[in-house]
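Colleague: I would like to go through this model with you. Please tie each label to the value behind it.

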Amino acid sequence: MLRTTLEIVRKPADQQGFVVHRRRWVVERTLAWLTAHRRLARDYETQPATSEAMICWAAIAGMLGRLTRGGPATRQQRRTLNTPD
């Protein structure tokens with residue numbers, strides 16, 4: 001129906017310690033972007049369809065933000081409050 005191929009990347013049996021796996025970071029980065037949305041940070045929804053809709057809205061908002069930025073992604077600048085001396 002969706003014509004999607006899913007590839008499961010498993011840890012090799014002889015691996016010891018931390019090793020970056022091929023393409024796994026893409027999934028982890030995407031999940032981090034989605035959980036940045038307040039509604040997805042907790043499991044508020046009881047219906048799976050509502051949760052799916054919230055994930056779609058978060059993904060659309062992220063894509064729109066990247067499309068309308070017009071330049072390369074930059075890290076947000078740290079803001080400090082000016083305190084009177």
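Modeller: Start with the helix label. A helix here is a DSSP run of H or I with at least four residues, and a strand is a run of E with at least two. Read along the sequence, the chain then gives the pattern α-α-α. The model is predicted.

Colleague: What makes the chain more spread out than a compact globule?

Modeller: The globule rule is 2.2 Å times the number of residues to the power 0.38. For 85 residues that rule gives 12 Å, and the chain has a radius of gyration of 19 Å, well over it, so the chain is more spread out than a compact globule. Its C-alpha atoms fill a box of roughly 60 × 40 × 30 Å along the principal axes.

Colleague: How many helices and strands are there?

Modeller: The chain has 3 helices and 0 strands.

Colleague: Where is confidence highest, and where lowest?

Modeller: Helix H3, residues 48-69, is highest, at a mean of 85. Helix H2, residues 38-41, is lowest, at 77. The chain averages a pLDDT of 79, and 92% of the residues score at least 70. Where pLDDT is low, the predicted coordinates should not be read in detail.

Colleague: How do you know the span of H3 is close to the expected one?

Modeller: The expected span is 1.5 Å times one less than the number of residues. H3 has 22 residues, and the expected value is 32 Å. From first C-alpha to last, H3 reaches 32 Å. Just after H3, Gly70 takes a positive phi of about 80°.

Colleague: Why is Leu67 called exposed?

Modeller: Exposed means over 50% relative accessible area. Leu67 has 68%, so it is exposed. Leu67 lies in helix H3.

Colleague: Which residues form the nonpolar patch on the surface?

Modeller: Ile60, Met63, Leu64 and Leu67 form it, with about 410 Å² of accessible area together. Patch members need over 30% relative accessible area, and nonpolar side chains are joined within 5 Å. In general, residues three or four places apart in an α-helix point the same way, because there are 3.6 residues a turn.

Colleague: Why is Asp14 called exposed?

Modeller: The cut-off is again over 50%. Asp14 has a relative accessible area of 68%, so it counts as exposed. Asp14 sits in the segment before helix H1 (24-35). Its C-alpha atom is 46 Å from that of Arg79, 65 residues apart along the chain.

Colleague: What share of the chain is buried?

Modeller: Buried means under 20% relative accessible area. Such residues make up 8% of the 85. The chain exposes about 8,800 Å², and carbon and sulfur atoms supply 56% of that.

Methods: Residues numbered from 1 in each chain as written. Heavy atoms only, no water. pLDDT = per-residue confidence, 0-100. Buried < 20%, exposed > 50% of the residue type's maximum accessible area, 1.4 Å probe, protein only. Patch = residues over 30% accessible without salt bridge, like charges linked within 9 Å, V, L, I, M, F, W, Y side chains within 5 Å. Areas by Shrake-Rupley, 256 points an atom, 1.4 Å probe, with all protein chains shown as cover. Salt bridge = Lys/Arg side-chain N within 4 Å of Asp/Glu carboxyl O.
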